[in-house]
Every structure is written in C-alpha cells, then in structure tokens.
Amino acid sequence: MSLIIGLTGGIGSGKSTVAKEFIELGIEVVDADLVAREVVAPGKPALTKIESDFGKTVITANGALNRAALRDIIFQSEAKKQWLNELLHPLIRESMLSQLASANSAYVILEAPLLIENKLTQYVDYTVVVDVLEEIQVKRAMQRDTNTREQIEAIMKAQINRENRLQHADFVIDNNNNDLVTLKLTVNKLHLHFLSLLS
C-alpha cells in the first residue's frame, strides 16, 4: 500500500462520519475498533485464552465476549489489564497491518480513536484529526450513546487531550458546526490532495 492515512478524533468528534465520507469516495477504511472486536470473536483463540484466565463470567450465553463483565474485572486489577493488553495488542496490530496491506483503493485509511495513544502513528504517513470543542464532544456523545456526562468525561480522560491531539495532526477537520455539506467538501478536498500526493 503506497499511502496510509491515520484518522482520529476524540469521542463525539464525528470521526466515523468522516470515515463514511471517505468510503463513499471509494477509499477503504480499516477500523481499529472493529479489528479489536474481530480478534475476540467466538471461535478465536484469544477468546478461549480470556475465558480460561478470567472464567465463564466474561462469556455471554451465546458464547461472545461479555465486555461489561471484562471491563469491571480489568478496572479493578492492573495486573489483569496488563495481561489482557499483552494478549490482544499484538493480535490487533497484526490483523490491522494485514488489512492495511491488502487494501486495494488508491490509498487506505486507518481509523483509530487511540491512534496517537497506542503509537499507531508509526504505521501511517499522515494523520488527520477530526476536531471539536470538548463541550461539544460531551453533548454529542451523550446524545448518541445515552451515557451520562460523567461516563463521557471518563472516556475523554482516557484519551489524549484536544491540544495534544492537535499537535500530532498533519491535517485538521474542524467539525464544530456539525454541517454535513461542509464536511463532505472538506473530505473531498483532502481526498484530492491525497490523490495528488500519489501522482
């Protein structure tokens, strides 16, 4: 793959909407969150290892990973969190890189909320940050996920702060107005720019 673009943004920034716009332009998107779910799907070796280490409580009745139960355990134990990260991070990275390598579009996008935090920037040529004010992030995420302000703010604390994220950006998409028409135009302009880098 000749060009890999990293796409990131805080919770509620509109990162997924931006990714959809790139997909409409014929660009393949590798979604890090989706890859993370795929490696622990029923029948995958990682899920078997998690079950044998954490017990049956982390498996749902239909054999899938019970994320809420697992989250409760790792929030209480740093050692178990570490064990889980050491198991999953290499598997996620391997699958992600394989999907990036096999993409067939002119360039490919790696969509990851923790692109910077998880040091995935080493695999991308440019980083695009979808940026909104933190108060707007909270409002949008609360509307979308029916989570409380406290829950959203806790997620935001686990992510890099806005100022720091912007320092890593090669390109910034301002999504404060939440205007889809403007967003489409911005994505289209970036798309043409990325294509020009290839020629």
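A residue counts as buried when its relative accessible area is under 20%, as exposed when that area is over 50%, and as partly exposed in between. The legends below describe close-up views of a predicted model.

Figure 1. G14 sits in the loop that runs between strand β1 (residues 4–9) and helix α1. Leaving aside residues up to four places away in sequence, G14 touches V130 and N175. S16, by contrast, belongs to helix α1 itself. Its relative accessibility is 37%, so S16 is classed as partly exposed.

Figure 2. An unreviewed UniProt entry lists G12, S13, G14, K15, S16 and T17 under "binding site". Of these residues, G12, S13, G14, K15, S16 and T17 are included in the lining of the largest pocket. The annotation comes from the record and may be inferred rather than shown by experiment.

**Figure 3. The largest pocket and its lining.** Empty space can be located by rolling a probe the size of a water molecule over the atoms. The largest pocket holds about 2000 Å³ of space. Its lining consists of 46 residues, and those that lie nearest the centre are D33, A36, R71, P113 and L114. By residue class, the lining comprises 19 nonpolar, 13 polar and 14 charged residues. At least two lining residues come from each of the helices α1 (15–24), α2 (32–38), α4 (67–76), α5 (78–101), α6 (134–145) and α7 (149–158). Helix α5 makes the greatest contribution, supplying eight residues.

**Figure 4. Helix α6 and the residue that follows.** Helix α6 contains twelve residues. From the first C-alpha to the last, α6 reaches 16 Å, close to the 16 Å expected at 1.5 Å a residue. In an α-helix there are 3.6 residues a turn, so residues three or four places apart point the same way. Q137, V138, R140 and A141 are the buried residues of α6. Helix α7 is included in what covers these buried residues. Just after α6, T146 adopts a positive phi of about 50°.

**Figure 5. Val108 in strand β3.** V108 is part of strand β3, which spans residues 108–111. The relative accessible area of V108 is 0%, which lies under the 20% limit, and V108 is therefore buried. D125 is 17 residues from V108 along the chain, and the C-alpha atoms of the two residues are separated by 10 Å.

Figure 6. Most residues other than glycine have a negative phi. K119 is placed in the loop between strands β3 and β4 (126–131). Because its relative accessibility of 56% is over 50%, K119 counts as exposed. N178, also a residue other than glycine, has a positive phi near 55°. N178 occupies the loop between strand β5 (171–174) and helix α9 (180–198). The relative accessible area of N178 is 53%, so N178 is exposed.

Technical notes: Residues are numbered from 1 along each chain as its sequence is written. This is a predicted model: local features need pLDDT of at least 70, side-chain atom pairs count only at pLDDT 80 or more; totals for chains, interfaces and linings use all residues. Side-chain values use heavy atoms; hydrogens and water are left out. On a 1 Å grid over the protein atoms alone, a cavity is a set of points where a 1.4 Å probe fits but cannot get out, and a pocket is an open set with protein on both sides within 12 Å along at least five of seven lines; lining residues have an atom within 4 Å of a point. Grid points are joined across faces, edges and corners, and a volume is the space filled by probe spheres set on the points. Helices (H or I, at least four residues) and strands (E, at least two) are DSSP runs, numbered from the N terminus. Ala, Val, Leu, Ile, Met, Phe, Trp, Tyr, Cys and Pro count as nonpolar, Asp, Glu, Lys and Arg as charged, and the others, Gly among them, as polar. Buried means under 20% relative accessible area, exposed over 50%, partly exposed in between (1.4 Å probe, protein chains only). Contact means heavy atoms within 4.5 Å. The expected span of a helix is 1.5 Å times one less than its number of residues.
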